[in-house]
Amino acid sequence: MRRVSREQARRIAIAAQGFLDPRPEPFGATMRHLQRVVDRVGVVQIDSVNVVVRSQYLPFFSRLGPYDTALLDRARDRAPRRLVEYWAHEASLIPPATWPLLDFRMREAAEKAWGSMRRILAERPDFVDVVQREVELRGPLTAAEVERALEHDQPRSTEHWGWNWSEVKRALECLFWAGRISSAGRTSQFERRYSALDVPPTPAVRGAWLDRPGAEADPERFLELVRIAARAHGIGSERCFADYFRLKREQVRPAIAHLVAVGELIPVTVPGWRQAWLHAEARIPRRVQAEALLSPFDSLVWQRERVHTLWDFHYRIEIYTPKHKRVHGYYVLPFLFGDRLVARCDLKADRQRGVLRCHAVTWEPDAPPAAAAALRRQLEAMASWLGLEAGSLPEAHHAPHGSGAASAPSGIQDGREARDRRAAEQSVGARALVGETDGRLA
């Protein structure tokens, strides 16, 4: 069996995710460039947190540099739509052709959707049907517009943090999860615009949206989803391929076996994985010269076990961690330099003052000295992209191998000290290193 080194596997993964594709000039990206990224990654996770910029915009910046975000809005909001929303990895943007492949998840809505959605479907099915008819008759509509149309704006609970939805909103989300309605995009306030199923898809895939076979077609669906995941990974384990679309292992294994049989996947060994597979068309670069700040929700770093195995990088999202327990900060972006993840940057777009603030940078202990200048370049590019000044950035002369930690907000914190803190605070131990994932579909 072919042996692939950890260094080779890193380079394969980076290339498969589109980080080696030529970048256009700043703000010179076209829809063709965005489509190239979509074709590479297959799924772009959505997140509403707007500390820097909403997460779905960042993977395109990481791979293209500064670009006009209106291109992504247009791809999602205007026909012919290149992207639609559904629960793929988490809440995600996916090509319209991928949406019918997730029918198995839609059929599980009555059992797997969140409690408030299941309850309204069980307790008020007639009302759910009324909401569906309203969307089909008058959509695309936001939840507020549907509420006004139905004159059904009931008081909302404020007892718990999170999604305190009206009955209409619960019904809409239940219908969306179940694949009975879809989304025709978002408003400028990030409100989903619910629509009938015949609105979002292109003519080429509309039939697949409207006439979906049942469970008998699931093996073919799993095969296609694993095919997308394997191509996007370049190389990976069974867990890697399963996590990309939140599939179960038993759903993935037959698909992997089929792809091996037809020559699309090649069994290989990689240190740290019991078994791995290389995509037959994966690019295998001899060297990588990448520089990219990554969204906390970038598909390169979704799966923790993969990140630890390939990069020896202990990564977790700390947005939902109480402040006193955070190790690296609130909205922390990993920094890719060459073929390694060398730093974490706690960033905030201070729009009121027009400044991109870097509260802290934590370097890995073996980060090369040249990484500091590269990080400054990427932070300045990001500030320009966001229409901000590059303030409170780490000084490039603070070498990553410095003997001590520079002070926040603009210093470089020594990686060894950070690892000591991390070991002390992550009392959950190995759970953080074996693929525990964030999100509701895990």
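Student: How are α12 and α14 oriented to each other?
Tutor: Roughly perpendicular. This is a predicted model. In it, the axes of the two helices cross at roughly 70 degrees. Angles from 65 to 115 degrees count as roughly perpendicular, so α12 and α14 fall in that class.

Student: How close do the axes come, and which residues are these helices?
Tutor: The axes come within 9 Å. Helix α12 covers residues 218-233, and helix α14 covers residues 249-261.

Student: Which residues meet there?
Tutor: From α12, Phe222, Leu223, Val226 and Arg227. From α14, Gln251, Val252, Ala255, Ile256, His258 and Leu259.

Student: What does that contact look like by class?
Tutor: The contact of α12 with α14 has 7 nonpolar, 2 polar and 1 charged residues.

Student: Switching to strands. Is β4 buried or exposed on its two faces?
Tutor: Both faces are covered. Ala91 and Leu93 are buried on one side, Ser92 and Ile94 on the other. Strand β4 spans residues 91-94.

Student: What does β3 do with β4?
Tutor: Strand β3, residues 84-87, pairs with β4 in the antiparallel sense over 4 bridges. A hairpin through 3 residues joins β3 to β4.

Student: And β2, how many bridges to β4?
Tutor: There are 2 bridges, and β2 and β4 run antiparallel. Strand β2 is residues 44-45.

Methods
Residues are numbered from 1 along each chain as its sequence is written. This is a predicted model: local features need pLDDT of at least 70, side-chain atom pairs count only at pLDDT 80 or more; totals for chains, interfaces and linings use all residues. Side-chain values use heavy atoms; hydrogens and water are left out. Axes are lines fitted to C-alpha atoms, for helices over the stretch in contact, and angles run from 0 to 180 degrees between N-to-C directions. Angles under 35 degrees count as roughly parallel, over 145 as roughly antiparallel, 65 to 115 as roughly perpendicular and the rest as oblique. Contact means heavy atoms within 4.5 Å. Ala, Val, Leu, Ile, Met, Phe, Trp, Tyr, Cys and Pro count as nonpolar, Asp, Glu, Lys and Arg as charged, and the others, Gly among them, as polar. Buried means under 20% relative accessible area, exposed over 50%, partly exposed in between (1.4 Å probe, protein chains only). Two strands pair if DSSP finds at least two bridges between them.
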